[in-house]
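Welcome, and please have your viewer ready with the chain shown as a cartoon. This tour goes from stop to stop, telling you what to select and what you will find there.

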Amino acid sequence: SVVSGGGSYPSATASAETWINMVNEFQEGALSTRLGIPMIYGIDAIHGHNNVYNATIFPHNIGLGVTRDPELVKRIGVATALEMRATGIPYTFAPCIAVCRDPRWGRCYESYSEDHEIVRAMTEIIPGLQGDVPANYPNGIPYIGGRNKVAGCAKHFVGDGGTTHGINENNTVIDWNGMLSIHMPAYLDSIRKGVATVMVSYSSWNGEKMHANYKLITEFLKKRLKFKGFVISDWQGIDRITSPPRANYTYSVEAGIHAGIDMIMLPEKFTEFIDDLTLLVKENVIPMSRIDDAVSRILRVKFILGLFENPMADYSLVHELGSQEHRELAKEAVRKSLVLLKNGKNIDRPMIPLPKRESKILVAGSHAHNIGNQCGGWTIEWRGQPGNITVGTTILTAIKNTVDPSTQVVFSENPDVNFIKSNKFSHAIVVVGEKPYAEIPGDSMNLTIPEPGPSTIRNVCGVVKCVVVIISGRPVVVEPYLAGIDALVAAWLPGTEGQGVADILFGDYGFSGKLARTWFKSVDQLPMNVGDPHYDPLFPFGYGLATNPTNGN
């Protein structure tokens with residue numbers, strides 16, 4: 001197998017054809033070996049085919065949970081599979097079915113909700129990616145429905161969203177009943193829907209590394225749940241069984257393979273792994289039956305995926321990459337994922353929907369005209385990157401496309417008070433939020449919007465009527481600014497289709513999204529999830545104001 005690392009690509013702005021040529025070259029190498037077994041190429045396509053330039057980038061999972069619309073998420077799975085196949089790639093490390101219980105976790109945006117029932121419903125992305133399991137299909141056997149579909153991966157098994165203080169790769173302290181009722185249910189749904197693979201979590205459960213957990217991987221997942229696909233490690237996952245990583249690599253190999261991991265994502269120093277594993281088998285430390293189990297599972301997925309019949313990709317689907325149809329779907333997802341948290345200082349005088357015809361409006365903020373900020377982590381680069389990193393519509397461009405031609409739109413990223421006062425703006429739209437991040441760099445103990453975001457809010461909203469749009473991978477601290485804001489929108493990480501934001505601000509569509517995460521008052525309250533005895537949120541789980549569409553004039 002070959003893993004496509006986050007932020008690796010054949011060349012900057014590579015075309016679909018360039019991706020296909022690269023993947024096919026790897027495949028030719030695999031087919032020229034003694035047994036001619038095709039390799040499987042896997043990539044993190046977690047909000048669309050997000051490593052590829054010009055792909056449609058959908059909202060991150062935190063926004064999709066808001067929609068409570070499994071059918072929409074299934075359609076996103078269908079579109080993502082087509083865009084992957086457009087580049088010759090048959091396997092994605094998605095979906096993440098973590099139940100994020102603490103927004104301080106740097107991967108919380110990869111989780112649909114703090115509520116496991118919403119996460120369970122969103123496993124409908126699996127039949128989108130892989131195809132609908134036929135009636136009477138045996139439970140636990142992977143299902144992939146043809147050359148327009150891809151293999152999926154339920155991750156990270158199990159309890160990744162429950163670590164202490166939300167620290168990435170840390171320890172989830174919970175009893176077996178808690179694990180079964182919160183973190184495990186979506187795996188049962190995923191297996192029932194034919195998921196091809198399961199990825200193990202870096203995290204520990206009650207002090208035991210998941211990558212070494214025989215009871216959960218082999219006894220529970222494989223034997224009790226009858227999962228017949230393959231279990232894959234995370235990136236250098238077995239290395240991290242020891243602290244520090246690789247302190248005793250032979251032990252890591254033994255512990256990981258014994259636990260029941262079938263495919264090891266090394267992804268480097270593979271000769272050392274092969275030598276160590278071969279030695280452990282020769283010395284009967286690892287029985288041949290364990291090797292046979294792993295190999296048969298990997299081959300089963302490759303057969304079901306059709307790799308033996310069709311190992312080479314062709315150009316027949318290249319037109320699907322970033323297609324208009326998929327961008328329309330992403331726009332719909334954006335509209336349904338936004339949550340209106342405040343609408344007018346006086347409840348009788350709502351600010352949204354905004355009028356399309358005004359003499360002059362101000363658009364401000366670090367995230368108003370920035371595709372990279374709007375998409376977040378896992379976009380082109382592993383951690384994401386601010387700037388004009390791929391093809392899409394910024395929120396500023398979308399606003400200009402939406403308002404009446406007679407309305408003057410003035411953009412100033414971080415305007416000073418005198419500039420705002422000297423212009424007679426009828427209202428302002430301030431778009432600020434978190435910078436892109438992924439995994440450990442995203443862990444945050446304060447959850448504040450970085451400067452100049454707060455000063456932009458204060459400067460603008462202190463002078464003119466304002467709507468603040470927050471672009472973030474989780475709830476952030478907003479209580480200090482709330483009284484001075486006229487309207488507040490949680491837009492999460494909407495992806496490339498910023499038009500969806502303008503569509504709803506100006507009343508072409510109504511707000512319908514309801515929080516799938518609790519919005520805290522201060523971080524001192526965390527962790528705080530719906531149903532907790534100390535529940536005292538700024539905005540509760542399920543909150544979201546509704547608006548009706550207007551003609552926008």
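What should the 14 residues of helix H12 (residues 324-337) span at 1.5 Å a residue? They should span 20 Å, and the end C-alpha atoms of H12 are 20 Å apart, which agrees. The expected span of a helix is 1.5 Å times one less than its number of residues.

Before moving on, a word on what you are looking at. This is a predicted model, in which local features need pLDDT of at least 70 and side-chain atom pairs count only at pLDDT 80 or more, while totals for chains, interfaces and linings use all residues. Residues are numbered from 1 along each chain as its sequence is written, and side-chain values use heavy atoms, with hydrogens and water left out. Helices (H or I, at least four residues) and strands (E, at least two) are DSSP runs, numbered from the N terminus.

H12 is mostly covered, with 10 of its 14 residues buried.

Next, select helix H3 (residues 70-86). Its 17 residues reach 24 Å from first C-alpha to last, close to the 24 Å expected at 1.5 Å a residue. Of these 17 residues, 12 are buried, so H3 is largely enclosed by the rest of the structure. Among the buried ones are Leu72, Ile76, Glu83 and Arg85.

**The largest pocket**

Rolling a probe the size of a water molecule over the atoms shows where empty space is left. On a 1 Å grid over the protein atoms alone, a pocket is an open set of points where a 1.4 Å probe fits, with protein on both sides within 12 Å along at least five of seven lines; lining residues have an atom within 4 Å of a point. Grid points are joined across faces, edges and corners, and a volume is the space filled by probe spheres set on the points.

The largest pocket has a volume of about 1,300 Å³. Select Ser1, Met263, Phe273, Ile274 and Ile298: of the 39 lining residues, these are the closest to its centre. Strand S1 (2-4) and helices H1 (16-31), H10 (270-282) and H11 (288-304) each supply at least two residues of the lining, and H11 gives the most, with 8 residues. By class, the lining has 29 nonpolar residues (Ala, Val, Leu, Ile, Met, Phe, Trp, Tyr, Cys and Pro), 4 charged (Asp, Glu, Lys and Arg) and 6 polar (the others, Gly among them).

**Aromatic rings**

Show the side chains of Phe, Tyr and Trp. Their rings (for Trp, the six-membered one) pair if the centres lie within 6.5 Å; planes under 30 degrees apart count as stacked, over 60 as edge-to-face and the rest as tilted. The whole structure has 12 aromatic pairs. One of them is tilted and joins Trp176 and Trp205, 5.7 Å centre to centre with 45 degrees between the planes. This pair links distant parts of the chain, with Trp176 in helix H6 (residues 176-183) and Trp205 in strand S7 (residues 204-205), 29 residues apart. Trp176 is partly exposed at 33% relative accessibility, whereas Trp205 is buried at 16%.

Phe419 and Phe425 form another tilted pair, 6.2 Å centre to centre and 50 degrees between the planes. Phe425 also has the charged end of Lys360 over its ring, 5.5 Å from the centre; here NZ of Lys or CZ of Arg must be within 6 Å of the ring centre and within 35 degrees of the ring normal.

**Backbone stops**

Most residues other than glycine have a negative phi, and most peptide bonds are trans. Where can you find a cis peptide bond? One joins Ile352 and Pro353, with omega about 5 degrees. The bond from Glu451 to Pro452 is also cis, with omega near 5 degrees.

Finish at Trp492 in strand S15 (residues 487-492). Trp492 has a positive phi of about 55 degrees although it is not a glycine, and it is buried, with a relative accessible area of 1%.

Note on methods. Buried < 20%, exposed > 50% of the residue type's maximum accessible area, 1.4 Å probe, protein only.
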